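Subject: Structure handover

Hello,

Here is the structure I promised you. Please open it next to this email and follow along.

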Amino acid sequence: MGTGFVVGYAVSLKLLSDAWYKEYPRTRFHFYDDSHHWKQMDKAGHFWTAFHESRMGVDALRWAGTSEKKAIWLGSLVGLALQTPIEILDGMSEGYGFSNSDMVANAAGAAGVLGQQLAWGEIRVMPKFSFHSTSYPTTRLESLGNSYAGQVLKDYNGQTYWLSTDISRFLPSSTRYPKWLNVAVGYGAAGMVAGDPAQNRALGYRSYRKFYLSPDLNLQNIPTRSGLLRTAFYVLSIVRIPAPALEYNTKRGLVFRPLYY
């Protein structure tokens with residue numbers, strides 16, 4: 001497991017470096033305050049990433065036979081351990097900088113796993129991600145991605161981050177509430193072609209926030225005897241399956257989305 005972890009992380013860093021840093025030269029380590037950028041959508045992404053890295057760290061250590069206490073504590077640190085080198089790379093890139101607010105979001109994601117594991121011994125509130133293509137990338141390809149994969153990573157206008165709550169885990173075991181039905185709240189933003197609000201306005205755009213309430217499918221609570229399906233459900237649990245959603249945004253007010261992703 002350790003060997004696979006090291007190899008996988010090295011490959012992911014290489015891919016990230018090619019996608020994120022190749023446009024900017026290396027420089028001396030420096031800090032940069034981007035806490036007000038992108039309506040904090042990038043911070044939500046840091047939280048989501050660190051959370052699932054820590055969640056998988058805990059589960060991997062349990063699978064490897066580590067004691068429950070060590071699995072929870074050491075596994076929960078995985079997200080912070082994996083994200084910190086990325087922040088250091090940011091600090092040595094001319095186009096970015098080491099962000100304290102990114103580190104806070106990373107720590108919050110790891111703490112979200114630790115807190116739930118200590119309180120309940122399981123994850124009951126799961127961060128999830130969804131994405132839809134937007135028209136913004138054609139205006140700022142260098143910032144928002146020039147391919148679909150690049151847009152998923154960089155176009156914050158199309159990203160939505162969710163907190164999906166497993167309602168059944170908070171109810172008595174005798175309840176008839178469907179275990180596969182979660183309730184999710186989401187956060188997104190739009191009107192952004194530049195991270196800095198002043199620069200975004202100078203380019204003629206006005207950014208705004210979006211909030212969502214939606215039912216969510218809990219794949220891991222769908223009974224199956226197939227190990228392959230259980231693994232697939234585990235992996236897919238990091239994304240939100242398309243479903244109806246009620247949206248409130250600061251530009252148009254209340255909007256019903258019959259099928260939102």
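Start in the loop between α1 (2-20) and α2, where you will find W38. Keep in mind that this is a predicted model.

**The loop**

W38 has a positive phi of about 50°, yet it is not a glycine. Most residues other than glycine have a negative phi. W38 is also buried: its relative accessible area is 13%, and buried means under 20%. Q40 sits in the loop between α1 and α2 as well. Its phi is positive too, near 65°, and Q40 is not a glycine either. Q40 counts as partly exposed, because its relative accessibility is 26%.

Now go to α5, residues 100-120. This helix has 21 residues. From first C-alpha to last it reaches 30 Å, close to the 30 Å expected at 1.5 Å a residue. Its buried residues include M103, A110, V113 and L114. What do the buried residues of α5 pack against? They pack against α2 (41-63), α3 (68-76), α4 (78-91) and β1 (125-131). After α5 comes G121, with a positive phi near 75°.

Helix α4 has 14 residues, which should span 20 Å at 1.5 Å a residue. The end C-alpha atoms of α4 are 21 Å apart, so the two values agree. Among the buried residues of α4 are V78, L82, I86 and L89.

**The cores**

In soluble globular proteins, nonpolar side chains tend to be buried together. Here, the largest nonpolar core has 17 residues. M41, Y161 and M192 have the most contacts inside it. The elements that give two or more residues to this core are α2, β1 and β3 (181-190).

Take a look at Y161. Leaving aside neighbours within four places in sequence, its contacts include M41, W48, F129, V185 and Y187.

β1 supplies at least two. By class, the lining has five nonpolar, eight polar and eight charged residues.

Best wishes

Note on methods. Residues numbered from 1 in each chain as written. Predicted model: local features only at pLDDT ≥ 70, side-chain atom pairs only at ≥ 80, totals over all residues. Heavy atoms only, no water. Helix = DSSP H or I, 4+ residues; strand = E, 2+ residues; numbered from the N terminus. Expected span 1.5 Å × (residues − 1). Buried < 20%, exposed > 50% of the residue type's maximum accessible area, 1.4 Å probe, protein only. Contact = heavy atoms within 4.5 Å. Core = buried A, V, L, I, M, F, W, Y, C linked by side-chain atoms within 4.5 Å. Nonpolar A, V, L, I, M, F, W, Y, C, P; charged D, E, K, R; others polar.
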